[in-house]
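Here is a briefing on the pockets of one structure. Look at the sequence and the model, then read on.

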Amino acid sequence: MHRRQRGRSPSCMLLPRTFDLSILAANLIRDYPQLYKMYSTKEFTYNRIRQQNRNRLLWVDPTVDGLKTGHTEGGGYSLIATAKRSSAAGERRMLTVVIGTSSDQMRAQESLKLLNWGFQNFDTVKLYDKGQVIATPDVWKGSQSQVPIGFSRDAYVTVPKGMAARMKTVLERKDPLIAPFSENSQVGVLKILVDEKLVAELPVVALEQVNPASFLGRLWDTIRLWFK
């Protein structure tokens with residue numbers, strides 16, 4: 001979730017920037033959990049110099065555990081804030097990006113507003129487990145006739161509160177699936193719709209490596225594809 005302070009840079013410049021920062025932050029949290037822990041450190045001393053974390057939310061909200069503050073003369077005060085809170089469906093993490101506020105106090109206030117609003121107004125739904133098979137489409141010119149497909153990580157989607165029951169998923173594959181291809185190669189996308197409106201797209205991958213068929217097998221499938 002993103003917010004900018006009025007009177008600063010045009011939204012056409014800020015929105016791509018906030019989106020890029022949210023992607024970087026999400027990947028940092030997911031791929032480097034051992035490094036992410038340090039962002040919740042409130043203070044430390046190095047070479048007899050006491051360094052304090054500039055993220056005010058660490059002292060205000062115990063569920064906040066990161067992430068990064070920033071300030072430039074032209075861009076104002078910014079904050080990427082993250083929090084993990086308990087819910088009926090388990091723990092949920094929310095990430096917000098606020099850019100261009102007038103002070104460090106303002107960026108903290110606006111970030112906390114966004115975090116509270118996000119937790120109160122959105123639900124996160126787990127669709128599939130990592131490695132769960134969602135389909136077994138046909139494979140052409142491969143050493144096997146079918147391949148299980150699914151997700152390389154647990155698949156979640158966030159929707160407005162109360163909308164989960166109205167979700168619909170549509171699997172779109174890159175047919176025909178022609179071997180060879182490796183495990184985790186993308187073979188399609190799962191589109192999530194609410195009231196026929198697209199809200200998210202998740203990459204669908206092959207859960208197994210598929211090697212090429214023999215020469216005769218590839219030739220036979222080439223002929224079959226001509227008539228498909």
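**Second largest pocket**
- Strand 2 (43-46), strand 3 (49-52) and strand 4 (64-72) each give at least two residues to the lining of the second largest pocket. Strands (E, at least two residues) and helices (H or I, at least four) are DSSP runs, numbered from the N terminus.
- Strand 4 supplies the largest share of this lining, 3 residues.
- The second largest pocket holds about 360 Å³ of space.
- Its lining has 14 residues, and Thr41, Phe44, Gln52, Asn53 and Arg54 are the closest to the centre.
- By class, that lining splits into 4 nonpolar, 6 polar and 4 charged residues.

**Largest pocket**
- The space in the largest pocket is about 1,700 Å³.
- Its lining counts 36 residues, with Ala26, Arg30, Arg93, Tyr156 and Thr158 nearest the centre.
- Helix 1 contributes the most to this lining, 7 residues.
- The lining comprises 18 nonpolar, 8 polar and 10 charged residues.

**Terms and basis**
- The model is predicted: local features need pLDDT of at least 70, side-chain atom pairs count only at pLDDT 80 or more, and totals for chains, interfaces and linings use all residues. Residues are numbered from 1 along each chain as its sequence is written, and side-chain values use heavy atoms, without hydrogens and water.
- On a 1 Å grid over the protein atoms alone, a pocket is an open set of points where a 1.4 Å probe fits, with protein on both sides within 12 Å along at least five of seven lines; lining residues have an atom within 4 Å of a point.
- Grid points are joined across faces, edges and corners, and a volume is the space filled by probe spheres set on the points.
- Ala, Val, Leu, Ile, Met, Phe, Trp, Tyr, Cys and Pro count as nonpolar, Asp, Glu, Lys and Arg as charged, and the others, including Gly, as polar.
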